[in-house]
Amino acid sequence: MAIWRLKRIVVIHTCIFFVNVFTAFVSATAVSAWNGHTTPGSTTPTAFTPFYVPPGAKAYDSSSPLIHYTGKWETVYSSGYYHKSTQSTSQKGATISFTFKGTGIEWFGTCDRKHGIAYVSIDGHKPRAVDAFYDDVIPLKQQRIFWDFDLAYGTHTIKITNTARRKGSSKSTFCDIDAFVVTRGVKTKYQDQSSQQDSSFLASQELESIVSSHWKLTQKGTTGVHAMQLAIISSSHALIVDKVEHNPLTISGHPAWGALYNLRTHAIKPLNMQSNSFCAGGTFLSNGTLINVGGNPIVEGRTSSADFGDLDGLQAIRILQPCDSDSVDDCDMYENHSRIRMASPRWYNTVVRLRDGSAMIIGGSKRGGWMNNVTTNNPTIEYYPPKNIRGSNGLPIHLDFLVRTLNSNLFPIAFSLPDGKVFIAANRDAMIYDWERNEERRLPQLPNGIRVTYPMTGTALLLPLSPANKYQPEVLICGGSNIPDDKASYAISSQDPASSQCSRLVLTDKGIDDGWQVESMPEARIMPDAVLLPTGNVIIVNGAGTGISGYGNVLHQVGTSNADHPVLTPVLYDPLAIHGSRFSSAGLPSSSIPRLYHSVATLTPAGDVMIAGSNPNLDRSEVKYGTEYRVEWLSPPYMQMKRPEIVEKVTHIGFGKEVKFQVTVPPGVHGEEKGDGSPSVDPDADTTIQYEVALMDLGYVTHANHANTRLVYLDCSRVDNVLKIVGPPDGGVYPPGPGWIYYVVDGVPGVGVKVMIGDGESPPVDKDAWENLLQKSLVDQYEHSKGMDVSE
């Protein structure tokens, strides 16, 4: 058994809906984090509760005259309640109603063995059962028992009815009303087109559906924790990871900062994240295990209430074992800093899977901040599992590139190349890194002084690899800024223009000699997300037209956002079109939801694009450019078409191995347009059906960084309904690990099928290098540097 395949820890029962979750929190003295910002009162540790009133929201105490009670309720006094009192009832059928104006509502109350089920309805819609039972004699007070942020802007009424019961007991149970928190919100551009549907804690709603020339944009579902990081882990679930903050989804009596999102039902399950994963990176390994790497120190004070229970995340390597079942009850993150950690602290690091199925961890900062500098810079790489490269014996390896590229060099752009080397870009520079020899090859500098990594954040992709041109690699980098990275924050404005530049470089000797090919997006973008489609085209979403990444740093902040003028219309990019005609926004629907700092987007197995996040704020906020939990789905035209299908189960594809399986192609798939709306290369040339198989890594997405996203076309042939494909030649062309195959017929892809590329074995483990790392590095060394006791 590989070292990282470790057993679960303690099983507990949470207050609301969720069972079989795990906890192993360690108390520690708290220190400042979160970009160095604090809020008033944040330096005084307090007993933690989930109760929180974000900027832009308003709290109503249980004694408010706006709350109407029927039946027998009594006032209970305690310093543990909001405003030191709560309303409580054990009477069956006792109700409360509260009319408010806004876009969201939260109900806070008490959870313990004496509390049970209540029915909650909004605006007279079908009631939903909410269970406040918590299996402990010590009550959890000021708990978020119900929330709904999917309401259309306007006046709403929440009604709560006590059932006086709980499962497995005949005793009467209590229902408490401690407070309500109302998200005031604003009227959205498309609200008049919306249809208000049933609302509940885990309800999935379709508030906005915008159809334009067969593209469709739908808002449906909420993430529960803010979506700073996103990865598709199975055909049914996506992983959502955030920083430690006051998210509405709770676990073990505190807000969660990780969750699994059901792509089909839009339900969410909280994860037991132990350490602060703020601005971590991630990748899958060759055995399908996902690692989440790095983060930030323990957060403090009223901002995090000092008792979240989070550990220092700077050296963390969090483990999510393969979780392919539709049921995710037994899926959770695992951490063990004494045995599984990085040798050095990293915040804003990039993680890329290599040709042997292991992970390279690149750069980052030694602690939280904003712009990197010589004091905080971590100009090294290391590996998981640890390697002995040129005598490093598991310890970090210095990379001069990460010194030359200061200051704007966090979340470096990186892609594993077909020859096994790694392309890395940061700031305005780029190189090819031979990690086995620890050698750098400098590449031409990016044109026109455009910086492309945090906080001048652009986005990048490795364009599709094909056997037709011997898997010739080419990179595309779009967006960013030409703001000098030595300019003081007080001299930078949220109104400074972003860049519209896109640059392409073919990574062959001739291509490098020819240099970067430059073109322009229709609109400038900072913090865009570029997503590969199975058709080979690229859809670019999210971002702002002005400003810079981050929050609370520059002049003319909007709320606390360093950026402004959200770009709301996607743009389609065709890499095979003629230069000057590759971009098009024709027929693409515009969103009404700003997606700025901390937004994400990814292709899904179904073939649409999941868009989530945006949180340019210290903590959850409801002011302009506040914390965004709503999810949007951008559906290309092929989602409404008849689509080909892989009908025979395929689970493994070996390197260079032939695999045969059954497929179907519905009548009428062939046409003059690709399924993403772009024209066929030559629709009059041939009526023969054109087919291909796209093998894709959907990546680990955060901060516009799509390091592991990949599309490889496989050699294939078809006889009747039997398709024969040949696996990629080696781990350079496609690093071993999980992938998705899409059968594409005349530009119309079917639903992706998850497969394991390679033998599915764990990456190589150098036990001596691993033990040397553990002996030569401290656990949570940042906390040691502050003189803190981390021995527990």
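**Strands and sulfur links**

Guide: Strand 36 (residues 501–506) and strand 37 pair in the antiparallel sense, joined over four bridges, and this is a predicted model.

Visitor: How should I think of a disulfide in general?

Guide: It is a covalent bond that joins the sulfur atoms of two cysteines. Here the count comes to two disulfides, taking sulfur atoms within 2.5 Å as the rule.

Visitor: Which cysteine forms a disulfide with C478?

Guide: C478 forms a disulfide with C502, and their sulfur atoms lie 2.0 Å apart. This pair links distant parts of the chain, for C478 belongs to strand 35 (residues 474–479) and C502 to strand 36, 24 residues apart. The link of C478 and C502 is right-handed, with 120° about the S-S bond.

Visitor: Is C502 buried or exposed?

Guide: The cut-off for buried is under 20% relative accessible area. C502, at 0% relative accessibility, therefore counts as buried, and C478, at 2%, counts as buried by that cut-off too.

Visitor: What can be said about the link of C323 and C331?

Guide: The link of C323 and C331 is right-handed, with 90° about the S-S bond, and the sulfur atoms of C323 and C331 are 1.8 Å apart. C323 is buried at 4% relative accessibility, and C331 is buried with a relative accessible area of 8%.

Visitor: Which strands make up the open sheet of three strands?

Guide: That sheet has the order 5-6-13, again with antiparallel pairing. Its edge strands are strand 5 (74–77) and strand 13 (175–177), each of which pairs on one side only. Neighbouring strands of this sheet are turned by 35° against each other on average, direction ignored.

Visitor: How many bridges join strand 5 to strand 6?

Guide: Four bridges join strand 5 to strand 6 (residues 85–89), and the two run antiparallel. As an example, the bridge partner of Y77 in strand 6 is S85.

Technical notes: Residues are numbered from 1 along each chain as its sequence is written. This is a predicted model: local features need pLDDT of at least 70, side-chain atom pairs count only at pLDDT 80 or more; totals for chains, interfaces and linings use all residues. Side-chain values use heavy atoms; hydrogens and water are left out. Two strands pair if DSSP finds at least two bridges between them. Axes are lines fitted to C-alpha atoms, for helices over the stretch in contact, and angles run from 0 to 180 degrees between N-to-C directions. Buried means under 20% relative accessible area, exposed over 50%, partly exposed in between (1.4 Å probe, protein chains only).
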